[in-house]
Structures are given as structure tokens and as C-alpha cells.
Amino acid sequence: MKLYCSVTNTTNIISIQINSSHSAQTTTAQIEAINTSLDVGDAVTVDLGYVGNHGVVFTGFVKNLEVKEPTKTYSITCSDVLVRAMDFFIASSNPDEPYTKKNIKAENLVRDVLALASITNYVGDNTLFTFGIHNPVEVNLTSSYDYARFIADILAYIVYADVSGQVHFTRRLPYVTGSDTSVATYSTPDFISINRVLTDKDLRNRVVVYGADNIHAEASAASPHLPDGFYKTAVVAAPTVFDNQTMAQQSADYNLELLNRLTESSSVTMIGDHTIFPRTVVTVTHTPLGISGDWYVYSVTHTFGSGGFTTSLELRK
Amino acid sequence: MSWTLNGIRIFVNKHENNSRQIMPTLQPLSGGTVVQFFGYETTIQQIAGIIVGRVDLLALQELTTTQLAYELTSPEGSLGNFYIKAVRADRLPSVYQTMRLDLDCESPVYSVSVDLQAEVV
């Protein structure tokens with residue numbers, strides 16, 4: 001299996017690491033090479049795998065370029081298109097006239113905020129949430145990404161860029177749901193190492209939402225993993241956007257569905273597979289640890305270098 | 001023709017020639033070892049021999065500071081250009097040398113070992 005890699009305007013590559021996750025702000029690429037003509041801000045594509053079987057695993061922009069002596073090597077740090085949203089800080093020239101929107105759907109608010117950072121390759125799910133019904137929504141003194149992420153968090157949605165550079169705003173829960181279809185199957189001969197973890201660290205069985213003008217909502221449910229009558233609480237504070245009781249209650253219900261569960265996860269290291277991306281579902285079987293069925297791919301790390309090409313996954317049930 | 005490195009005369013009594021392919025091996029939990037191919041190292045050579053005279057020794061040691069590749073020639077002809085990675089020298093006890101008749105018979109005699117890395121063109 002002869003290894004293959006190609007990076008824009010870069011040759012004699014020493015190593016590459018790509019990190020992508022359900023919850024991370026951006027996908028990042030860390031490239032070590034001997035020759036490059038890349039400069040900060042340049043567009044970058046990373047294609048790796050094996051000769052005759054490879055594909056694009058990252059597209060983005062150079063954020064940091066380091067040249068080292070005495071090894072005379074380059075260390076190139078890249079992030080995907082959402083780094084533009086992270087870098088774009090919304091600050092009105094007149095503090096009395098901030099950026100405002102009235103009676104706007106959540107997905108369109110995210111679209112417009114990202115467009116301020118020149119990100120227009122965007123697709124947003126129909127959320128059924130409308131903001132600024134009574135009072136306009138003001139967006140000021142925050143980055144485009146932070147505000148889009150804030151909207152996503154209060155609705156239990158996610159915002160991410162795929163490998164082609166398109167930004168998605170979607171309700172993707174970090175576990176397998178009934179409508180998911182597995183895209184690949186892996187079993188014991190594919191794994192170099194594997195583990196399985198169960199934890200209630202992120203479990204919350206009560207969600208309280210604070211909105212504007214005395215708008216507040218709550219959702220809760222008993223958990224079989226906690227003592228009777230015991231509630232671990234999460235708070236969603238969104239007084240600038242929730243001015244409608246129905247929206248606040250919907251947010252509480254969505255976040256309870258997201259949070260009221262044990263986190264069952266598995267960390268897998270396997271022979272490099274460039275075709276796997278986070279936010280997909282795969283079928284995994286490893287009988288000694290009782291791992292079987294469909295698992296949600298929460299994070300993917302591709303490591304490529306003289307030590308070989310490996311892919312590390314964090315999977316969630 | 002005798003052995004020379006950038007024209008410096010060396011009486012070679014040992015010549016090692018090593019090559020290596022970079023082959024990461026990954027061991028799955030079950031099944032055979034998976035072998036991947038990352039590339040290869042350029043030829044590494046090591047010559048050991050005798051140098052006569054301090055002038056030649058200093059000239060040889062100077063080659064480790066230049067970041068340039070130099071031609072290695074053998075009795076069979078040129079072996080290519082190499083970067084001089086390391087030079088190790090021990091002075092041998094000598095009363096009278098006859099290896100280099102163009103030099104003084106009381107010239108110092110050194111045992112040297114030189115590590116060479118092939119130049120990539």
C-alpha cells in the first residue's frame with residue numbers, strides 16, 4: 001500500500017495531521033514539509049490516501065506559516081472556511097446603530113451573519129424558529145462565528161463546513177438516530193487499538209431557558225442513570241433572541257433531547273481511511289468489548305507520515 | 001585510479017553501502033501486519049581508510065562545513081556526489097610513511113572513517 005499525499009504548492013511532505021470534529025469550530029490541518037510556496041491566506045487542498053485510492057480530506061486557508069532552522073522545514077497550519085467567520089468581528093461604526101434583524105428565521109439570521117464574513121456557500125435547515133418578532137435582534141461586538149454558534153447552541157443545532165467548503169446549519173444530534181444510514185463497516189481486523197467508555201459527565205436532564213421580557217421555559221425528565229428526583233441542570237440564556245414563549249419552550253425541549261443521555265463512546269485507531277468524515281454513521285463490530293451496531297462518528301484525526309497513515313475516530317452511540 | 005573524495009587521497013580499506021526503504025508497519029488487533037510505503041532514504045555510504053598528512057585531514061574535515069556535495073571516486077570510476085556527514089580521525093603511531101611518496105616520510109598518518117549521504121539530483 002504505497003502512501004500518497006498532495007498539498008497545494010507544497011512538495012517533499014514530511015507529515016500531515018487533519019483534525020475534524022462534531023463540536024470543533026473548524027477542521028484544522030497541520031503540515032510539515034521541506035518545500036512550499038504557500039503564503040498566509042492562500043487556499044489549500046490536502047489530498048491523501050494510497051496510490052490509486054486517495055481523495056480530498058481538507059480544504060481551507062493557511063493561517064500560520066513557520067520556517068525552522070537548522071532543519072530548513074516549513075510548518076503550515078490551516079483552517080477551513082469557517083475561520084473567516086471567526087476572524088470577522090462585527091462592530092458597528094455607530095454603537096447607536098448596531099446590526100439588527102427583525103422577524104427573521106434562525107437559519108436566515110445565521111446565513112446573514114456568515115455573509116458579513118463573505119461566507120455565502122451555505123445551506124441551512126428549516127428550523128421553524130423566528131427571532132425578532134417583537135424586538136429586533138441586535139448583533140454587535142461578537143465574531144460572525146461566535147454568533148452563528150450561539151444560535152446553533154440554543155437550538156441544539158450545529159454549524160460546520162464540509163470538505164468542499166460549504167457551510168451547513170443543521171440539527172445533527174451527536175448520536176445515532178432512527179433516520180441514520182451507515183456509510184461504512186469496520187471490524188476487528190481494521191483496528192490497531194480500541195476502547196469503550198460510558199460516562200454521565202455531559203448528561204443533563206433539566207434545561208431552563210431564559211428569554212426576553214419574562215419569557216422563560218423549562219423541560220425535564222427523570223433519568224434512569226441518576227437518583228430519583230435528582231436533576232442535573234443546563235441553562236440556555238438567550239434574552240436577546242427569545243421573545244416568544246413557544247420558541248423558548250421548543251429550545252428547552254430540543255436541548256433536553258440532546259443532553260438527557262449517557263455518553264457512550266469508543267476511541268478507535270485504524271489503518272488510514274481517507275473516506276471517513278465526522279457527522280456520519282458507521283457500523284462497527286468488536287466482540288471482545290461488546291461493540292456492535294451503528295455508531296456516530298464524532299471526530300476524525302488523520303495522521304500521515306513516516307510512521308504510516310492512521311485514522312483515529314471517536315465514535316458515539 | 002585511486003580512491004579520492006573531492007580530490008583528497010584516501011587509502012580505503014573498508015567501504016559500506018547501505019540503502020533503506022521507509023516502510024511503516026501497522027499491526028491490527030487481528031490479522032496480518034499491514035505494510036505501508038512512505039518513501040526511501042538516499043544511499044548512505046561509509047568509507048574507512050588512511051589519510052597521510054595534516055593538510056589532507058584538514059581539507060577533509062572542511063568538507064563537513066560547506067553543505068555541498070563532492071565526488072567520490074574509486075578505482076572503478078566515479079561513485080557519484082555525496083554530502084560529507086561526519087569525519088572521524090585517529091592518528092596512528094608511525095615512524096616512517098611510504099604510502100604517499102609525494103609527501104615527507106615523517107608526515108602524520110591518520111585512520112579516518114567518513115559518513116556520506118548521496119546527493120539527490
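Residues are numbered from 1 along each chain as its sequence is written, and chains are lettered from A in the order in which they are written. Because the model is predicted, local features need pLDDT of at least 70 and side-chain atom pairs count only at pLDDT 80 or more, while totals for chains, interfaces and linings use all residues.

## Exercise 1: The build of chain A

Task: Find how many helices and strands chain A has, and work out why chain A counts as compact.

Solution. 
- Step 1. Start with the elements: chain A holds four helices and 25 strands. Here helices (H or I, at least four residues) and strands (E, at least two) are DSSP runs, numbered from the N terminus.
- Step 2. Turn to the spread. The radius of gyration of chain A is 22 Å, close to the 20 Å from the globule rule for 317 residues, so chain A is as compact as a globular protein of that length. This radius is taken over C-alpha atoms, and the globule rule is 2.2 Å times the number of residues to the power 0.38.
- Step 3. Look at the box: along the principal axes, the C-alpha atoms of chain A fill roughly 60 × 55 × 30 Å.
- Step 4. Check the interior. Of the 317 residues in chain A, 48% are buried. Buried means under 20% relative accessible area, exposed over 50%, and partly exposed in between (1.4 Å probe, protein chains only).
- Step 5. Finish with contacts, meaning heavy atoms within 4.5 Å. Among those in chain A between residues at least 6 apart in sequence, 69% join residues at least 24 apart.

## Exercise 2: The build of chain B

Task: List the order of elements in chain B, and decide whether chain B is spread out or compact.

Solution. 
- Step 1. Chain B has one helix and nine strands.
- Step 2. Read from the N terminus, they come in the order β-β-β-β-β-β-α-β-β-β.
- Step 3. For chain B the radius of gyration is 19 Å, well over the 14 Å that the globule rule gives for 121 residues, so chain B is more spread out than a compact globule.
- Step 4. The C-alpha trace of chain B spans about 70 × 30 × 30 Å along its principal axes.
- Step 5. Buried residues account for 37% of the 121 residues in chain B.

## Exercise 3: Where the chains meet

Task: Find how many residues each chain brings to the contact, and which three residues of chain B supply 43% of the area that chain B buries against chain A.

Solution. 
- Step 1. Chain A brings 22 residues to the contact and chain B brings twelve.
- Step 2. About 1,300 Å² is buried between the two chains, with 66% given by carbon and sulfur atoms. Buried area is the accessible area (1.4 Å probe) that two parts lose on being put together, summed over both.
- Step 3. The three residues are Leu29(B), Gln36(B) and Phe38(B), which supply more than any other three.
- Step 4. Zoom in on Phe38(B), found in the loop between β5 (34-35) and β6 (39-52) of chain B. At 22% relative accessibility, Phe38(B) is partly exposed.
- Step 5. Not counting residues up to four places away in sequence, Phe38(B) touches residues of chain A including Leu3(A), Ile13(A), Ile14(A) and Phe304(A), and in chain B Ile22(B) and Pro24(B).
- Step 6. Compare sequence with space: Phe38(B) and Gly53(B) are 15 residues apart in sequence, yet 44 Å apart C-alpha to C-alpha.

Notes. Heavy atoms only, no water.
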